[in-house]
Amino acid sequence: MSLKISPTNFFNEKFRPQFHFTPIKNWMNDPNGMVYFQGEYHLFYQHHPESTVWGPMHWGHAVSSDMVHWEHLPIALFPDENGFIFSGSIVIDTSDSTGFFDGGEGLVAIFTHAGEHPNTKKPRQVQSLAYSKDKGRTWTKYEGNPVLKDSSIIDFRDPKVIWHEEERKWIMVLAAGNHVRFYSSIDMKSWSFESSFGETEGSHLGVWECPDLFPLPVDGGHRWVLIVSIGDNSAYNEGSRTQYFVGDFDGKTFTNENDPKAVLWLDFGRDNYAGVTWSDVPKEDGRRLFIGWMSNWKYANQVPTETWRSAMTLPRSLSLSSTKEGIRLVQTPVHEISALRKPVTSIQRTITLVPGENILKDIKSKTFELKARFMMKEASVFGLKVHQSKDEETIIGFDSLRSVLYVDRRRSGDHSFHNAFSCIQEMDVLEGEHLSLHIFVDTSSVEVFANDGKHVLTSLIFPGEESDGLELFLDHGDVNLHSLDLFNYHSIWAKGGS
Ligand code: FRU
């Protein structure tokens, strides 16, 4: 059964994203249980079905054949006597290692039950299983739950399970306060501790959450990437953020190949959190596909949307690239998204930017994709202003003297709901005199992929309905535009959903 979206309400409320995933109504946070199975991309998510603020967590559910158009399905997992259903993952158990599938194959969800200790009544997080024999439509919780607990630690959650081919074992990476732990299993019902990582590595500005672990090819070999999100900390305006480590994983231990003090941020914007990757994407496809929660614990419960709260980022394909600083993650929006394009303009000749002259002045759009290539001939500040009106604009600017790309949302629209929202977000883009920008603007977000996805910045904005202008600006300096392509975006809900 899919949930019909009423034809009188095509997801067109104020601020409703038109090409990003949102729940039909009420609260959503982390993406969960992402798995590709029999032609469907599954997206489960942390969901409070009765309120627009966080509360007793369920797993909401949607499926898609392209990660762009989504079919909303009924809630997959409900809280029970073991607690709320916190974040976790799903794998295909192809060889029936769990014995749940009578020798066949099926889906196994591994998630955190957040409840209380039966004796002490203190908060307790444990790991549990559920399985589905009908393509994820219905789920049975394993009667032996929980399958993993630890009495010494309260923050013990967000299991991500992968199949480790060389060791022929399931590996679980789990967040445990200020580090992650690795466990192994042959049946997912009993887990052995292998090692821990991270107490003295990377950023510890918040509690560690939502890890992910996967190999990616690079330089003729491969490296393992460990993603770790860090929770909000009231002492820092940045709020919750996601970091990653690059190194090796031998089935037991993760070794970081960078300086332990180095912090590699996955995204330099404020609004890409708890992201993880899809499991079981077919080898012929070969992509490592990622989606994040496009919000921030700093203000997620207060953002000014009325019937629903939160969206996901665009789905992105992850890869590794060798740079002067070391091996780094690269993110590219999935090519499937280009099905939404309606070409508006394409400039394929060199134009020298002139202060005060806006070559995009006749274009009005609130949902679009823009690709552009620039060359700076001297220290310059230039860029794009989007969702622009007399009183509002979001500036995606580049300061070539500092080699900094910034998104200034101080005048982007409503920011009254939290004093940390109004800000300038910056990232270093150290790459000579050329800049390429790939930008996705939706009704309430901006995603910037600079220099082919080497530098990424994701940011929420809440502009007024009348803010639909676009400006290509030069503040000062000498800049040539080499090419520019602009596409309006169709709504993914245009047919009233499914
Ligand atoms: C991350 C997180 C997870 C937890 C879930 C609860 O955003 O805090 O660690 O499982 O959200 O909703």
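Leaving aside neighbours within four places in sequence, E433 is in contact (heavy atoms within 4.5 Å) with F374, M375 and M376. E433 belongs to the loop between β28 (424–428) and β29 (434–442); strands (E, at least two residues) are DSSP runs, numbered from the N terminus. E433 counts as partly exposed because its relative accessibility is 44%, where buried means under 20% relative accessible area, exposed over 50%, and partly exposed in between (1.4 Å probe, protein chains only). Its C-alpha atom is separated by 30 Å from that of E392, 41 residues apart along the chain.

The model is predicted: local features need pLDDT of at least 70, side-chain atom pairs count only at pLDDT 80 or more, and totals for chains, interfaces and linings use all residues. Residues are numbered from 1 along each chain as its sequence is written, and side-chain values use heavy atoms, with hydrogens and water left out.

D408 is part of strand β27 (residues 404–408). D408 counts as buried because its relative accessibility is 7%. With neighbours within four places in sequence again left aside, D408 is in contact with E393, T394, I395, C423 and I424. The side chains of D408 and R410 are joined by a polar contact of 2.8 Å. A polar contact is a pair of N or O atoms within 3.5 Å; within protein, one must be able to donate a hydrogen and the other to accept it, and residues adjacent in sequence count only if both atoms are side-chain atoms.

The ligand is surrounded by 13 residues (a heavy atom within 4 Å), of which the closest are D30, Q46, R157, D158 and W297. By class, the shell holds six nonpolar, three polar and four charged residues.

| Residue | Protein atom | Distance |
|---|---|---|
| D30 | side-chain N or O | 2.7 Å |
| S87 | polar backbone atom | 3.1 Å |
| R157 | polar side-chain atom | 2.6 Å |

On its own the ligand has 320 Å² of accessible area (Shrake-Rupley method, 1.4 Å probe), and the protein covers 96% of that. Two or more residues of the shell come from each of β1 (26–37), β5 (84–93), β9 (156–164) and β13 (208–218).

Strand β1 also takes part in an open sheet of five strands with mixed pairing, in the order β4-β3-β2-β1-β20; two strands pair if DSSP finds at least two bridges between them. β4 (71–77) and β20 (308–309) are at the edges with a single partner strand each, so one side of each has no neighbour in the sheet. β1 and β2 (residues 40–48) run antiparallel, joined by seven bridges. F37 stands opposite E40 in β2.

Key
Helix = DSSP H or I, 4+ residues; strand = E, 2+ residues; numbered from the N terminus. Nonpolar A, V, L, I, M, F, W, Y, C, P; charged D, E, K, R; others polar.
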